[in-house]
Amino acid sequence: MPPKQQLSKAAKAAAAMAGGKKSKKKWSKKSHKDKAQHAVVLDQEKLDRILKEVPTYRYVSVSVLVDRLKIGGSMARIALRHLEREGIIKPISKHSKQAIYTRAVASE
């Protein structure tokens, strides 16, 4: 194997400087989900919609109401308690973290 060719100091310095020119890694741009604008105050329009639509749902939970009716979670929990008291929905499973309900009278 032939011996390596010796580079001059200037050539070595130029090679070292050229090696460090790589640009820094850019953080990837991820698509961000828009923040939901859910209602936090129960007005008559939302109450009418809850009383009309929720009795038709086969599966009712806080997350279902938040997703379909665009209301806040605390408002959905209050609505579920109200509907249960009125007898519109009946509980399947009640837990401190998750409550699952179904319609009181299954319409065929």
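Trainee: What should I know before I start?

Mentor: The model is predicted: local features need pLDDT of at least 70, side-chain atom pairs count only at pLDDT 80 or more, and totals for chains, interfaces and linings use all residues. Residues are numbered from 1 along each chain as its sequence is written, and side-chain values use heavy atoms, with hydrogens and water left out.

Trainee: How many residues does helix H4 have, and how far does H4 reach?

Mentor: Start with the labels. Helices (H or I, at least four residues) and strands (E, at least two) are DSSP runs, numbered from the N terminus. The expected span of a helix is 1.5 Å times one less than its number of residues. H4 covers residues 73-86, which is 14 residues. From first C-alpha to last, H4 reaches 20 Å, close to the 20 Å expected at 1.5 Å a residue.

Trainee: Which residues of H4 are buried?

Mentor: Buried means under 20% relative accessible area, exposed means over 50%, and partly exposed lies in between (1.4 Å probe, protein chains only). In H4, the buried residues are Met75, Ala76, Ala79, Leu80 and Leu83. They lie on the same side of H4, because they cover an arc of only 140° around the axis. That arc is taken from the directions from the helix axis to the C-beta atoms.

Trainee: Why would residues three or four places apart point the same way?

Mentor: An α-helix has 3.6 residues a turn, so such residues point the same way.

Trainee: What covers the buried residues of H4?

Mentor: Think in contacts, meaning heavy atoms within 4.5 Å. The cover includes helix H2 (44-53), strand E1 (60-61), helix H3 (62-69), strand E2 (89-94) and E3.

Trainee: Which residues of H3 are buried?

Mentor: They are Val62, Val64, Leu65, Val66 and Leu69. Their cover includes H2, E1, H4 and E3. Take Leu65, which is found in H3. Leu65 counts as buried because its relative accessibility is 0%. Leaving aside neighbours within four places in sequence, Leu65 is in contact with Val54, Tyr57, Val60, Lys70, Ile71, Ala76, Ala79 and Leu80.

Trainee: What follows H3?

Mentor: Lys70 does, with a positive phi near 55°. Lys70 is a residue other than glycine. Its place is in the loop between H3 and H4. Lys70 counts as partly exposed because its relative accessibility is 43%. Just after H4, Gly87 takes a positive phi of about 85°.

Trainee: Is Ser61 buried or exposed?

Mentor: Ser61 is buried, with a relative accessible area of 0%. Its place is in strand E1. Not counting residues up to four places away in sequence, Ser61 touches Leu80, Gln98 and Ala99.

Trainee: What does the side chain of Arg103 reach?

Mentor: Look for a polar contact: a pair of N or O atoms within 3.5 Å; within protein, one must be able to donate a hydrogen and the other to accept it, and residues adjacent in sequence count only if both atoms are side-chain atoms. The Arg103 side chain reaches the backbone oxygen of Thr56 at 3.0 Å. Arg103 is found in strand E3 (residues 99-103). At 11% relative accessibility, Arg103 counts as buried.

Trainee: What volume has the largest pocket?

Mentor: Rolling a probe the size of a water molecule over the atoms shows where empty space is left. On a 1 Å grid over the protein atoms alone, a pocket is an open set of points where a 1.4 Å probe fits, with protein on both sides within 12 Å along at least five of seven lines; lining residues have an atom within 4 Å of a point. Grid points are joined across faces, edges and corners, and a volume is the space filled by probe spheres set on the points. The largest pocket has a volume of about 210 Å³.

Trainee: Where does the largest share of its lining come from?

Mentor: H4 supplies that share, four residues. The lining includes Arg77, Leu80, Lys94 and Tyr101.
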